[in-house]
Amino acid sequence: MTDDDATTAPAGLPAGLFTTIDHVGIAVPDLDEAIAFYAQAFGVRSVHEETNEEQGVREAMLAVGSGDTRIQLLAPLTPESTIAKFIGRSGPGLQQLAFRVDDVEAVSATLRERGLRLLYDTPKRGTSDSRVNFVHPKDAGGVLVELVEPAHTAH
């Protein structure tokens, strides 16, 4: 398979919507402990931390190697948050797979046309002022798929 093959959809299939894997989200009960564990065990470092009140999480983005794909650690702010409920139901662990997109609204519309349910009618604020939406896990083989449009910065 050549690089060209990876960007061209086979006949009859829709063209790709994603530009790359943005991050893999992992639910953790304690963010500081998880950051320390990932640094000690795997040698990855936190490059961004923030609290997202709307989504009820404290989060860290961990750099992996020299690329820009990240591991996102998500810890609940309250026992009622979605992440707390996830941990209560499934335990700590892999919570989401996030794909980077150029236009989250356009990709969301295309996925809806393909019969997939999205969690939000309009994108919400994500990490570092990105815009995000999620494909319902029941429509994606049990995986919560996040769509991430990074914040556009002036150059």
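This tour moves through the structure stop by stop, naming what to select and what is found there.

The model is predicted: local features need pLDDT of at least 70, side-chain atom pairs count only at pLDDT 80 or more, and totals for chains, interfaces and linings use all residues. Residues are numbered from 1 along each chain as its sequence is written, and side-chain values use heavy atoms, with hydrogens and water left out.

**The whole chain**

Begin with a cartoon of the protein chain, which has four helices and eight strands. Helices (H or I, at least four residues) and strands (E, at least two) are DSSP runs numbered from the N terminus. Along the sequence their order is α-β-α-β-β-β-α-β-α-β-β-β. Of the 155 residues in the chain, 37% are buried; buried means under 20% relative accessible area, exposed over 50%, and partly exposed in between (1.4 Å probe, protein chains only). Contacts, defined as heavy atoms within 4.5 Å, may be considered next. Among those between residues at least 6 apart in sequence, 55% join residues at least 24 apart.

**The largest pocket**

Select His23, Gln72, Gln96, Phe134 and Glu146, which are the closest to the centre of the largest pocket among its 44 lining residues. The space in this pocket is about 1000 Å³. On a 1 Å grid over the protein atoms alone, a pocket is an open set of points where a 1.4 Å probe fits, with protein on both sides within 12 Å along at least five of seven lines; lining residues have an atom within 4 Å of a point. Grid points are joined across faces, edges and corners, and the volume is the space filled by probe spheres set on the points.

Next, colour the elements that each supply at least two lining residues: β1 (20-27), β2 (45-52), β3 (57-63), β4 (70-76), α3 (82-90), β5 (93-100), β7 (131-135) and β8 (145-149). Helix α3 gives the most, with six residues. By class, the lining has 18 nonpolar, 16 polar and ten charged residues. In this scheme Ala, Val, Leu, Ile, Met, Phe, Trp, Tyr, Cys and Pro count as nonpolar, Asp, Glu, Lys and Arg as charged, and the others, Gly among them, as polar.

**Histidine 23**

Not counting residues up to four places away in sequence, histidine 23 touches Met61, Arg70, Gln72, Gln96, Leu97, Ala98, Glu146 and Val148.

**Glutamate 149**

Move to glutamate 149 in strand β8. This residue counts as buried, at 6% relative accessibility. Its side chain is joined to that of histidine 152 by a polar contact of 3.0 Å. Leaving aside neighbours within four places in sequence, glutamate 149 contacts Val101, Asp102, Asp103, Val104, Ser130 and Arg131.

**The nonpolar cores**

Select Ile26, Val28, Leu31, Ala34, Ile35, Tyr38, Val44, Ala60, Leu62, Ile71, Leu73 and Ala75, the twelve residues of the largest nonpolar core. Such a core is a set of buried Ala, Val, Leu, Ile, Met, Phe, Trp, Tyr and Cys residues joined through side-chain atoms within 4.5 Å. Two or more residues each come from α2 (31-42), β3 and β4, and α2 gives the most, with four. Apart from this core lies another of nine residues, including Val101, Val104, Val107 and Leu111.

**Serine 128 and aspartate 129**

Proceed to the loop between β6 (124-125) and β7, where serine 128 is found; aspartate 129 is in the loop between β6 and β7 as well. Most residues other than glycine have a negative phi. Serine 128, however, has a positive phi near 55 degrees, and aspartate 129 has a positive phi of about 65 degrees. Serine 128 counts as partly exposed, at 39% relative accessibility.

**Arginine 112**

Finish at arginine 112 in helix α4 (residues 104-113). At 34% relative accessibility, arginine 112 counts as partly exposed. Leaving aside neighbours within four places in sequence, its contacts are Leu118, Tyr120, Asp121 and Asn133.

Methods: A polar contact is a pair of N or O atoms within 3.5 Å; within protein, one must be able to donate a hydrogen and the other to accept it, and residues adjacent in sequence count only if both atoms are side-chain atoms.
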